Amino acid sequence: MTKTATIMIDDQTYQVPDGINLVDAAKLHGITIPVFCYHPKMESVGMCRMCLVELGSISVNRDTGEPDLNDDGSPVVRWFPKLQTACTQTVRDGTVVRTSTAQVLEARDNILEFILTSHPLDCPICDKGGECPLQNLTMAYGPGRSNFIYDDKLHLDKHVPLGELIYLDRERCIQCARCTRFCDELVGDDVLAFHERGRSLQIVTISDPPFDTKFSGNTTDICPVGALTTADFRFGARPWELDEVPTICPHCPVGCNLSASTRIDRDFGGKKMIKRIMPRQNELVNEIWTCDKGRFGHHHSRAADRLQHPMMRQGGEWVKIDWATAYHQIASKLKKYADSAGFLAGPTLSNEDLWELRQLAELTGDTPRLGVWPAAMTGAGVVAQVGIGVNTRLQDVGPETAILVIASDLEEEAPIWWLQIKQAADRGAAVVVANARETKLDRVTHTVVHYDYGDAVAVLNSFAARARSRRKTSKALLDNRVDGYDDLAAGLKGTRVPFADAADVLLDAENVIVFAGAEGLTLDQHRELMQAAANLLIITGHVGRQNNGLVPVWPGANVQGALDIGFSPETTASLIDEPPAMWFIGGADPAADDSQAAHVLANAEFVVVGAQFMTATAAQADIILPRQSFAEREGTYTNGMRRVQRFYAAQGPVGDALPDWTIYAQIGARLKGPKPPVSAAAVMRAITQHVPRYAGMGYSSLAHVEAQFPDVGGDDLYYGGTAYANHGGLGVQWATDAEDDSARLVVRPAQIEKPEKSGDLCIVPVRLLYDRGPLFEPSDIMHQRVPEPYLELNSQDAAHLSIADGDRVMVTAGEIQIETAARVNGHAPEGVVLWPRRLAHGPAPALFSACSVQKIEE
């Protein structure tokens, strides 16, 4: 239970959590102490002085422990001789504050007058106008007139690029240091700093390339004035013209809550369009942050080259057809091929899309083949057993918790999780990173484990063996709820423990969270990795409660939802190994990712593809169905922590594109299926009735909201910035088996299947945040952040091949031959070529495929 303190604010007594910041304590009871530099997500610095108050404490008799009393019976208060900054104070029993005395009001008046001495009067053209804390506080507390001599006003640069994404107006900056502190304290990227001093103080970028962080857009959110603006929105619209529509990021498994700022725009044919993307507060998911990909990666929703009409291949040419013709043609082909049809779902299909695709597939046969793409990760059953506990908040994690990140470059694959784990490490959490190569998370970790590619399962097995040897197992759990432990114990017997220090960090923690990726793992190896992680968590008792359990770093926004609804990567593998005659693909581009998949599709008898763009897969189709983007429809995604979250239609439709679930339901109706549902809500109702873990997750439940702290999105813009309050729903997280005391948990030995290397060099594909995938490439504003295609070589391998950093090389892997640039920077292990996916417009070589690298002489 949280300890409380009794404090007095303006002669009223309040109960507040002991030790919290004074500004926050007042805000909890609706009392405003104005601030500029203070933000509850960062350390206090007391720079702006706007929060000055009279501060004291109740005098306590040392002998009796009782408060000393005045003659009138009121407690004696010992006041500080001068005003104090509230943001640098924490409360305790007996704290006394006055927030509205003449002395306090005069101080606020003076601070605002000083801040405004060189501040420009350009509110009518400022992007922050209408949602600006400086405007609000000036109206509430400002002097109304200034004693400053106008000729002494400083005139500074008003269009200073801090990078290609963020612009600085130096006249508007009030030197609160929120932006520099965010980059330094929260992110740990040394990219912004103060330069000069006094009235010449200014913000500069000190990184190369400029403002080199994946979270730069957040600085514009927390800026309490209009000093920092984004190139994407600068002078694009007035805040009061915009409608805020709740949505969910479609790019990674975090499931960041976003707010799409929309308005009717002539540039979009008089339809509503997204003018900007802002973070939407959800303290259970992304807090008030989002990465730059989520913020600036929305332009695909209205790209000029979107597919807008159904098309059919006739005589080698694409012919536009209507939807009725498309439905009829596809239904007739599904009748023809029936059991010889395969269905493949991409990571951006919503749960509603997936359900209707499954319903369609079941009309073609008793055992439809339902695959998910990318087919790089598995383990739905393991997640159902030991997934992270319900209502876990990474922002609450501290010294009592250990976090293991294995086989994942988290900053590239799930940036907000990376940010939250970095902050957890700052609060004292023990972070262990296990990977075959160096990643950025290494620099903030407690312990780093570098293994050889293929050894990830062995590392987790060794941790489990260490738990048994140190008797760190949960006897109560093993005796009463676990099946298969004897076989597991026998399999762990004699296991070497080469990383005992890392194992002990995990075993000595009260809570353990495991983030599991799939870098350098085949699908079979990843299945064993997930089982090994489950084994470790179960036998040590770190399951079934908050801040404990497993988090898969899925390769997409709704892979978890696809697995929940019955799609599987194992089926995908079987579809490629034993190809069906007809393929039905929705929201996936396997031909661009995998050369074997591209070959299989090229030889299929009939291919139907639902896509937003003419992708490599769509180019091999017989019929193309234009699908709507996340911005044009409503639906739900299930994130990597199993939280089902709702997104809403924000933007007008493009052409004749339709939601995927509508397309699938209409085709199903022509196969004598049920009448198509009238809305996404109706589809979700069916899901709640047939998928047990989604019971009770109707749209009204998913739209439930409640008060969150800090109150960043209120009408008063109290803490400054423009993160938006959550009016669209906090979502619902489904519970695991471990959280049901009556459920049995199963462990088994995790097998080690290390592939044999063939040749001196082998390829390991890796994921980058900024790539040339079809949903990100249309964001022209981000092109400078997307590197040219390259591969990474170990320095010893490069020296042997006489290759230097930046050389052009020819890579040959089987039938694939690609010219690209070489990077020699120490990240790649010896004998391994790291191959970033989706930088080149062509499939990546298969994992561990042997390759040769030859320098191209000029």
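Two strands pair if DSSP finds at least two bridges between them. Helices (H or I, at least four residues) and strands (E, at least two) are DSSP runs, numbered from the N terminus. The model is predicted: local features need pLDDT of at least 70, side-chain atom pairs count only at pLDDT 80 or more, and totals for chains, interfaces and linings use all residues. Residues are numbered from 1 along each chain as its sequence is written, and side-chain values use heavy atoms, with hydrogens and water left out.

**View 1. Strands E12, E13 and E14 form an open sheet.** The sheet has three strands in the order E12-E13-E14, and the pairing is antiparallel. Six bridges join E12 to strand E13 (residues 257-265). From one strand to the next, the twist averages 35°. For such angles, axes are lines fitted to C-alpha atoms, for helices over the stretch in contact, and angles run from 0 to 180 degrees between N-to-C directions.

**View 2. Seven strands form an open sheet with mixed pairing.** The order of the strands is E16-E15-E27-E26-E25-E17-E18. Strand E16 (317-320) and E18 are the edge strands, and each pairs on one side only. With direction ignored, neighbouring strands of this sheet are turned by 20° against each other on average. Helix H7 (residues 323-337) packs on the sheet and touches strand E15 (311-314), E17, strand E25 (582-586), strand E26 (606-611) and strand E27 (623-626). Contact here means heavy atoms within 4.5 Å. The direction of H7 makes about 130° with that of E27. H8 also packs on the sheet, where H8 touches E17, E18 and E25. The direction of H8 makes about 175° with that of E17.

**View 3. E17, H8 and E18 make a right-handed β-α-β unit.** A crossover is right-handed if, with the strands pointing away from the viewer, the path from the first strand over the helix to the second runs clockwise. Strand E17 (residues 341-345) and strand E18 (residues 369-372) pair in the parallel sense over four bridges. Within this pair, Gly-342 stands opposite Arg-369 in E18.

**View 4. Helix H8 (residues 351-362) meets helix H21 (residues 660-669).** Their axes come within 8 Å and cross at roughly 15°. That makes H8 roughly parallel to H21 (angles under 35 degrees count as roughly parallel, over 145 as roughly antiparallel, 65 to 115 as roughly perpendicular and the rest as oblique). On the H8 side, the contact is made by Glu-352, Asp-353, Glu-356, Leu-357 and Leu-360. On the H21 side are Asp-660, Trp-661, Tyr-664, Ala-665, Ile-667 and Gly-668.

**View 5. Two cis peptide bonds and a positive phi lie in loops.** Most residues other than glycine have a negative phi, and most peptide bonds are trans. The bond from Asp-208 to Pro-209 is cis, with omega near 5°; Pro-209 is in the loop between strand E10 (202-205) and helix H5 (217-222). The bond from Phe-709 to Pro-710 is also cis, with omega near 5°. Pro-710 is in the loop between helix H23 (699-702) and strand E30 (732-733). Glu-287, a residue other than glycine, has a positive phi near 55° and is found in the loop between E14 and helix H6 (292-296).
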